[in-house]
Amino acid sequence: MTKSTQTSPTSPGHVLGVLRAEGPLTRQELQERVGLSRVTMVERLDVLRRLGLVRATGHRESSGGRRAEVLEVNDTGRTALVADLGQSHATLAVTDLRGTVFARDDHRLPVRHSPRDVVPVLLDAGRDLLNRTGRADTLCAMALSVPGQIDHERGVTVAPPTMPDWNGKPLREPFADAFGVPVLLENDANALALGDYYAMGRPDSALIGVKVGTGIGAGVVISGRIHRGESGSAGEIGHMRIEGSEQRCSCGRRGCVAASASGQALTRDLRPTGVRTLADVVRRVGEGRGDAVRAAAEAGRLVGTVVATMVTIVNPRYVRVGGAIGVLPPFLEALRRTVEANAHASALRNLDIEPSQLGENGAFVGLAGLVADEMLAPATVDAMVANLQAAQPERT
């Protein structure tokens, strides 16, 4: 849904884009970067202030004259409704465009769930969250993350291996109709990768985010953008085959890394010891139970062999590992050792492999950032300005 319309390099949207990329800035600093006259910059900032997109954040220290006001993008006045949907859960939150979570709602889902049963629950929960937070009037967009591939043109899921009843189902329409705002869709691992990227201050470096929960997936951020690939399947590392395994996977094939190293696989393999859920696996690893620790470490080794290939191909600066299984110390340590032993030596220079620091809010931060990139894009802002000026022509 990202706007592709070309905008003027001196338009209000472009001014906001510069401030967003390089701010906070004084008006003079912003004026110099954009190349506008003082009068035109005053006009641009006036309309951006009227839209609530710019605010003062303090003053520069004076060098003898009047202290200059410092400006920044106001990314807290607008609201996003974000939802993370998985094989066994659905979690919604109300956030600002910075990713601050004001309220959240968690739902456990049956393993074999369908849109017909889940979408009405999400709609009701979303309305309730907006009412509880009192931010319904500032809602500007919704973003939803799901496992598997997404057809972004049609707004439908494509063959999510762990959620077969969602294949080809429209996701954008029911939420857009219910809330009257744009709806963005993203793969769950991509959302997690973006969350870490945004939380790190949008570094000028490539980042791989690996999510290991019920399933396994990865997201690749290059030059500030998610790399989805030609068919939207970039990062589907859970369904790469590993040598020597014939374990049947939920996708129907045999030997996928997810069939042996996902949370679902660990739950299955540890069932003889009394494990019944993913939470049981996490708890037993935390308690230092030998069988669970060994299983988590072996899963980390297996996923590490795939991540080593990704590291060699992408050559990122950062790898961030999240998900209920991914952040477990035995898993992460084994993954790190395997990557260091198998990736190309040059790709290991300066490589930083760490657990995600965002915890259960990682996807929300990523989705809120997606909404911010969409709703604060120059073309979107210029359209807002045009609408404002059409409604108040006497102030143009």
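**Figure 1. Division of the predicted chain into three domains.** Domain 1 covers residues 12-74. Domain 2 is made of two segments, 79-191 and 362-375, and domain 3 spans 201-360. The centres of domain 2 and domain 3, taken over C-alpha atoms, lie 24 Å apart.

**Figure 2. Contact between domain 2 and domain 3.** Domain 2 contributes 19 residues to the contact, and domain 3 contributes 20 residues. The size of an interface is often given as the accessible area lost when the parts come together. For domain 2 and domain 3 the buried area is about 1,500 Å². Carbon and sulfur atoms give 43% of this area.

**Figure 3. Salt bridges and polar contacts between domain 2 and domain 3.** Four salt bridges are counted between the two domains. A salt bridge also joins the side chains of Arg228 and Glu186, with an N to O distance of 2.5 Å. Five residue pairs are in polar contact across the interface of domain 2 and domain 3, with both residues of each pair at pLDDT 80 or more.

**Figure 4. Elements on the side of domain 2 that touches domain 3.** Strand E10 (183-187), helix H6 (188-199) and helix H13 (362-375) each supply at least two residues of this side. Helix H13 gives the most, with five residues. Sorted by class, the side of domain 2 that touches domain 3 holds ten polar, five charged and four nonpolar residues.

Notes:
Residues are numbered from 1 along each chain as its sequence is written. This is a predicted model: local features need pLDDT of at least 70, side-chain atom pairs count only at pLDDT 80 or more; totals for chains, interfaces and linings use all residues. Side-chain values use heavy atoms; hydrogens and water are left out. Domain bounds come from an automatic or database domain assignment. Contact means heavy atoms within 4.5 Å. Buried area is the accessible area (1.4 Å probe) that two parts lose on being put together, summed over both. A polar contact is a pair of N or O atoms within 3.5 Å; within protein, one must be able to donate a hydrogen and the other to accept it, and residues adjacent in sequence count only if both atoms are side-chain atoms. Helices (H or I, at least four residues) and strands (E, at least two) are DSSP runs, numbered from the N terminus. Ala, Val, Leu, Ile, Met, Phe, Trp, Tyr, Cys and Pro count as nonpolar, Asp, Glu, Lys and Arg as charged, and the others, Gly among them, as polar.
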